[in-house]
Amino acid sequence: MDYMSIANSSLMYILIIIGIGFVLLQSAMHLKMALGRAKEIKMDKHQIKSTMKSAAAFSVVPTLPIVVALITLIPVFGTPWPWFRLSVVGSASYELMAADLAAKGSGTSLAEGLNAVAFGNAIIVMTLAVTWTFMLNFMIKGVLKKVKKMKSKSNFGWSAILISCLFMSLLVVFIGPMVGGGMVTLMTLLVSVLLTFLQSLLIKYKNMEWLKGFQMSFSMIGAMAFAVVFTGML
Amino acid sequence: MNEIKRSFDDYLNATHRLGRTFSVIAIVVMMAIPLTICTVFDIMPSFMMVLSSSIGLMAFLAPATLVELFSYTPMMGAGGSYVAFVTGNVTNLKLPCSLMCTSAAGVEPDSEAGEIISTIAICISSFVTTGIIIVAIILIQPLEPVLNNPVLVPAFANIIPALFGSLGFSMIVGSNVKGLWKAALLPLLAVIIMTLTVGFPSGFEGVFILGLFPVIAAIAKKFYSKGMITVTGLEEYETTEEQAL
């Protein structure tokens, strides 16, 4: 049997819809719990609504590369499987690497093309290698307790600095390679900073509060458009 | 008058219970899909075939996930972390989304308000991503030539600098810790030199975050004692503390 007819079978679609439904259920349960708690401690409703709008607006642009990855993976795995993998943990590079390893384990490779057993091996390996790491989620409580303990030993000022140091490490690790990563990357980074700064001025001096929720999305779109223009100029 | 019946710890414990339960169910649900397909279509690979193909990947992913867990959990909080680590796209989507929303709301990520805002942000982000992917599946035919257009390649290749430029600015300017960037200058320079000379090992960001954290914290401690780094809202906090006493 051709593996593509298995990959695009009705059963595959049904199982994938159940899987994605489960992931949405998890998000819905956590969201319900957080909204309930926000109401319980009387958090500002406007702040909650604004968070929801900002999060939704922000998430659109970074999702577009995932759609591109989806288009890349569909010719190899059919439609439902990449749809599922990219809706839960997974990225195009990981999926292709895992699939190639699985294909080689079955005596073929992605370049040579998959057969039905290689496809079966690939979907098991791609899932197994990543899902078992969910067991590590049992450590989240311990990690947060350690952070809380560390903070309680410090005074307010120092504990605020300590958490900010973690943000700063994140920025250094991501921004450092961009600064040393070529002119287009560096310029895109700087344009994004500039656009965010300009929007902050509009929010502050022109009272454009609504812009707050879209500030990062607009900066990203502007910087990405700049990258296209700048690359064309080089 | 409605009184707050549960403490923050009670809420957190409930979040951990929910997160852990879903983590276990996620393993069962996700593994059931390929196993059902392989059984029904009679394409089950041998145990040895699966083991030999997956062992290297598992060994590679375990430390990477562990490091991400230690680095990102304090920034995303409990509820957000459980959702993010199952739905994926942590560094390019869920973590920045959480940081942007907590920063915009003016709350600390490890406070109760921060925990709630981060959870809401990550859950909404997860819904939006799933929704967009569903729309893309429906519109795959007309979308393919647009998104695969060579003109747009530099845009998608530079999405991370576009994201971190804005995020970095918001986090530095919006933070109540002023001047912390001074403590990051030297480590930043080291990372830039490393990128230019031997190259930065992509995929090891989590390890570097954990490694640089104590270095930046040590420099920050020195600068804080010299008054080069200040924290706003300190007087307000001390007044509240005195009133509480």
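# Close-up views of a predicted two-chain model

**View 1. A bend in helix 3 of chain A.** In this predicted model, helix 3 of chain A, which covers residues 45–77, bends by about 35° at A:Val61. A proline, A:Pro62, follows within four residues of the bend. Beyond the end of this helix comes A:Gly78, a residue whose phi is positive, near 80°.

**View 2. The contact between chain B and chain A.** On one side of this contact there are 132 residues of chain B, and on the other there are 126 residues of chain A. Which element of chain B gives the most to the side that touches chain A? That element is helix 2 of chain B (residues 47–87), which contributes 25 residues. Sorted by class, the side of chain B that touches chain A consists of 94 nonpolar, 31 polar and 7 charged residues.

**View 3. The largest nonpolar core and one of its residues.** This core has 141 residues, and the members that touch the most other members are A:Ala122, A:Val125, A:Ile161, B:Val86 and B:Ile120. Helix 8 of chain A (residues 156–179) supplies the largest share of the core, with 15 residues. Looking at B:Val86 in particular, and leaving aside residues up to four places away in sequence, one finds that B:Val86 touches A:Val23, A:Gln26, A:Val88, A:Val89 and A:Phe134 in chain A, together with B:Phe22, B:Ser23 and B:Ala26 in chain B.

**View 4. The overall build of chain B.** Chain B contains 10 helices and 2 strands, and from the N terminus on its elements follow the order α-α-α-α-α-α-α-β-α-α-β-α. Its radius of gyration is 22 Å, well over the 18 Å that the globule rule gives for 245 residues, so chain B is more spread out than a compact globule. The C-alpha trace of chain B spans about 70 × 60 × 40 Å along its principal axes. Of the 245 residues in chain B, 47% are buried.

View 5. How many residues of each domain take part in the contact between them? There are 6 residues of domain 1 of chain B in contact with 5 residues of domain 2 of chain B. Helix 2 of chain B gives the most to the domain 1 side, with 5 residues, and by class this side has 3 nonpolar, 2 polar and 1 charged residues.

Methods: Residues numbered from 1 in each chain as written. Chains lettered and ligands numbered in written order. Predicted model: local features only at pLDDT ≥ 70, side-chain atom pairs only at ≥ 80, totals over all residues. Bend = angle between axes of the 7 residues up to and from the residue. Contact = placed C-beta atoms within 7 Å. Nonpolar A, V, L, I, M, F, W, Y, C, P; charged D, E, K, R; others polar. Rg over C-alpha atoms; globule rule 2.2 N^0.38 Å. Buried ≥ 20, exposed ≤ 12 C-beta atoms within 10 Å, placed from the backbone. Core = buried A, V, L, I, M, F, W, Y, C linked by C-beta atoms within 7 Å.
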